[in-house]
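Trainee: I would like to learn how to read the features of a structure like this one, step by step. Could we look at it together?

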Amino acid sequence: ARGHHPTLTPTFTPNLQSNLHSNLHPHPHNPLPSQHQAAAMAPLKLYYTPTSCGAANYIVATMGGVTFESEQVDLGTHRTTSGTDFYTINPKGNVPTLVLEDGTKLTENIATLTYLADQGSDAALAPKGAARYRYLNKLGFVNSELHPAMGKLFSPHFTDSERAA
């Protein structure tokens, strides 16, 4: 099935150190889920805001025909549309946050966009081979150079005169 189904609310460990450790270090005795475990795992879930860089993930997943669930996050209150404290999902509090089927969390745009593009049916979304590195180079530029400069245009913390500068 294509598209998203916004009904699942996964549970996560609220402990920051535990979350960071589990994201960076898969369990050495069971690094990949078995077929039986895979059947019981949750689908991909994307946490995003439609007015941030996280929206690009929603677009890529939709364009690629990826099956995923999604939930919007209010970055002012750090609450999801279901009322969950977003810091219990992502201790950094940033979007996008992509929760993979096995519970692994990706929280940086370069990783989430590349993962979603790789899952999609449109191979042109994330090229392979040498073109892959040019793709990652461009994503890195947007992430580190363009995004910070453009962010103030959309931030409620800046005045119109500060945005114009």
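This is a predicted model: local features need pLDDT of at least 70, side-chain atom pairs count only at pLDDT 80 or more; totals for chains, interfaces and linings use all residues.

Trainee: How many bridges join strand β1 to strand β4, and do they run parallel or antiparallel?

Mentor: Strands of a sheet pair through backbone hydrogen bonds, either parallel or antiparallel. Strands are DSSP runs of E with at least two residues, helices are runs of H or I with at least four, and both are numbered from the N terminus; two strands pair if DSSP finds at least two bridges between them. Here strand β1 (residues 44-48) and strand β4 (residues 97-99) run antiparallel and are joined by three bridges. They belong to an open sheet of five strands with mixed pairing, in the order β3-β2-β1-β4-β5. Its edge strands, β3 (79-80) and β5 (105-106), each pair on one side only.

Trainee: How is a pair of aromatic rings described?

Mentor: Such a pair is described by the distance of the centres and the angle of the planes. Rings of Phe, Tyr and Trp (its six-membered ring) pair if their centres lie within 6.5 Å, and planes under 30 degrees apart count as stacked, over 60 as edge-to-face and the rest as tilted. A search of the whole structure finds three aromatic pairs. Y47 and F86 form a tilted one, with 5.7 Å from centre to centre and 50° between the planes. This pair links distant parts of the chain, since Y47 is in strand β1 and F86 in the loop between β3 and β4, 39 residues apart.

Trainee: Is Y47 buried or exposed?

Mentor: Buried means under 20% relative accessible area, exposed over 50%, and partly exposed in between (1.4 Å probe, protein chains only). Y47 counts as buried because its relative accessibility is 0%, and F86 is buried with a relative accessible area of 0%.

Trainee: Where is E71 found, and which residues is E71 in contact with?

Mentor: E71 is found in strand β2 (residues 68-74). Contact means heavy atoms within 4.5 Å; leaving aside neighbours within four places in sequence, E71 is in contact with several residues, including Y47 and T81.

Note on methods:
Residues are numbered from 1 along each chain as its sequence is written. Side-chain values use heavy atoms; hydrogens and water are left out.
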